[in-house]
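Here is a friendly walk through one structure, from the joints inside a chain to the meeting of two chains. Keep the viewer open as you read.

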Amino acid sequence: MGFPHKHLIDIREYSREDIMTILETAKTFKQINERRIKKVPTLKGFTVVNMFNEPSTRTRSSFEIAEKRLSADTLNFGGSGTSTVKGESLTDTVKTLCSYKVDCIVVRDKHAGVPRKIADISGVHVIDAGDGKHQHPTQALLDLYTIWEAKGSFEGLHVGIVGDIGHSRVCGSLIPALKTMGCKVTLVAPQTLLPARPDVLGADGVTTDFNGILPELDVVYMLRIQRERFEGAPYPSLREYNMLYGLTQDREQYMKPDAVICHPGPINRGVELDSYMADHPTRSLILDQVYAGVLVRMAVLYLLLGGSDNGADS
Amino acid sequence: MALILRNARLIDPQVGLDEVADLLIRDGRIVEVGHDLTAKTYVERDLSGKILVPGLVDIHVHLREHGFELKEDIASGTRSAAHGGFTAVCAMPNTTPITDNALAVEYVKARAAEVGKCRVLVSGACTKGLGGETLAEMGDMVAHGCCAFTDDGRGIKDTGMMRRVLDYAAQFDRVVMPHCQDDELVGKGQVNEGVASTRLGLEGWPAEGEELEIMRDIALCRLTGCPLHIQHLTTKRALDLVRAAKAEGLPVTCEVTPHHLVLTEDHIGDDYPTSLKVNPPLRTAEDAAGLIEGVVDGSVDVIVTDHAPHAEWEKDREFELAPFGMIGLETSLSLILTYLVDKGIIDYNRMVELMAIRPREILRQERVALEAGSVADLTVFDPNIEWTVQASDFLSKAKNSGFIGYELKGRATDVYVGGYATMENGVVVE
């Protein structure tokens, strides 16, 4: 096989070549997903645990579909009935899971650093499906895939990321990954929504002038605003947020003709995006991202677990 | 019977001593310092090649008893202290029950007398239950031997309350030792805000969360005149605040830990080592360098460990769920010898000031000097022993050191408390 990684935990450990291998592999999985029978025996006999220690619908569904289409046996573990709720430590939970002789753990946890810890304890393949506000590498890879399909290459692309960057696990992976691929990255947010040191993530610049930066952007990546929070919110109102940082129809006048829009979902219509932009027939790549999620996760599972063959030709 | 300690290099800046000589000890006190000493009946120990200094004191230690004996207790904590070369430690009051009354002070003293391997000085809480709302019975605690006041572990949030604490404590000639942390600003901060918090995706604990409260407490020291000792100071700017306060003549002192001198936020790798989760957090390399400057120029008064034992399972958790703190008693002296003395940054005299002389002064303890009449609390170390820090070697119940695997040079070999050996040749005497 020759894919040089056992885990997908920190996107910064992946080279440009590694990432291209994933994207190209993901592309070959398209044909499986467009058949009537969307299943290949590649990971038959492998057991993959989806350990989701905090609520997640999309990422979990996407992983589950990817695993099933590769014929892996899956175990969904987590939710409100988790043993951690009963006071079991993470270490004990993971050791218990390993006693089932599983091959791979896909983990989502609200605490940063948990995937690495699970890798150290378990010895099996670990895929980070989002840890705290640290990283979310498969999201970054599906974003890259979507941008690559839409733009053909990463060379010279200027990506603007708009919104709650400081609390975003997506950005912890996406910004370094975009830099690895040679893109320019500008963050658009007020200081209340920024991490302490955006340069540490690799961002080339930070601005609060959304209209001013829009004409330069090839990709406008809108982040989800957590509308649950009101007290102590980092912005005074959703209305004002939309006014300053929402991608609205009015702002299309500043965009390049071929600029595209991404969003990790789920979207808040009328907050970070209005419906005109969310549903834009040529610019919006939001549903392409969802599809890319399945392709990329199939590719990652296949490359890490080293199944028999990718089954695309069978 | 007398004890004669022979041929150690005796170092004590208090009496301008630095020479190879003998010490004659009787009834717990030094009787004579000189050459070829003898007595009618005596036992002797040859300490050739070793250095003997006034006994080291660590004024910031969590012994955990009563209440958290799974982490540490007075027996294990004081053995850990003796093993690290200490003759005395000051126990912090955040036990269960909290040391906020005379009874609790007496309990710690009684347990220490019964099972301890070093002197245990007892600090009392400033406020009842460490709640930051009502004054604790400081006067009664002083009457029962309490040596200082602190709400260590948390800041006193209310400025008016902190003023009341200082105003009231001022009558007792005891220092108030604040743990400076602005809760609103620090929030759930896990690591230094900046590079580490961004890289690790953890909540930031900003330097300003410490500096603001130090600034406030210095202002309150000016207002009240109560002596103030800033605990575990970690930033360069915080030290500048202390420097300015000292220049102004305010009774302000401060302490730093070996881990804030030797480690920085950059040591917290992507494996999220919970042994490096400490409060205040490890800061930048620039801060560490600034603290070392302060150790050299005298703005830092004392080295302390903030020895914070936790059970293995408590630290074997998600970083954000693991408790703050690392143990330090058994590595402190060796770290200072390795990283400061051996590198020529400070000399032995300065080390003795930081670890033996100033700690006693700040806690209003009797002076210990290498001169006739002084209490024979003595620390002996071999500056040439090279050793590797191993968890299995600790006498502390806890193993949560950030220095496991470090190769250090210099180690305590013998310790005397009141003329009795608590450690000989590296082995704690039972």
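Across the interface of domain 1 of chain B and domain 2 of chain B, the rule finds 6 residue pairs in polar contact, both residues at pLDDT 80 or more. A polar contact is a pair of N or O atoms within 3.5 Å; within protein, one must be able to donate a hydrogen and the other to accept it, and residues adjacent in sequence count only if both atoms are side-chain atoms. On the domain 1 side, strands E1 (2-12), E15 (378-388), E16 (407-417) and E17 (420-424) of chain B each supply at least two residues, and E16(B) gives the most, with 8 residues. By class, that side has 14 nonpolar, 6 polar and 5 charged residues. Here Ala, Val, Leu, Ile, Met, Phe, Trp, Tyr, Cys and Pro count as nonpolar, Asp, Glu, Lys and Arg as charged, and the others, Gly among them, as polar. Strands (E, at least two residues) are DSSP runs, numbered from the N terminus.

The same interface holds 2 salt bridges by the rule (a side-chain nitrogen of Lys or Arg within 4 Å of a carboxyl oxygen of Asp or Glu). Asp377(B) forms a salt bridge with Arg119(B), with the closest N and O atoms 2.5 Å apart.

## How the model is described

This is a predicted model: local features need pLDDT of at least 70, side-chain atom pairs count only at pLDDT 80 or more, and totals for chains, interfaces and linings use all residues. Residues are numbered from 1 along each chain as its sequence is written, chains are lettered from A and ligands numbered from 1 in the order in which they are written, and side-chain values use heavy atoms, leaving out hydrogens and water.

## Domain layout

The domain assignment, automatic or from a database, gives chain B a domain 1 (2-52 + 373-386 + 408-428) and a domain 2 (55-362). Contact (heavy atoms within 4.5 Å) takes in 25 residues from domain 1 of chain B and 27 from domain 2 of chain B.

## Chain B against chain A

Turning to the two chains, 18 residues of chain B are in contact with 19 residues of chain A. The rule finds 3 salt bridges across this interface. Arg12(A) forms a salt bridge with Asp270(B), the closest N and O atoms being 3.8 Å apart. The chain B side that touches chain A divides into 5 nonpolar, 4 polar and 9 charged residues.

Key. Helix = DSSP H or I, 4+ residues; strand = E, 2+ residues; numbered from the N terminus.
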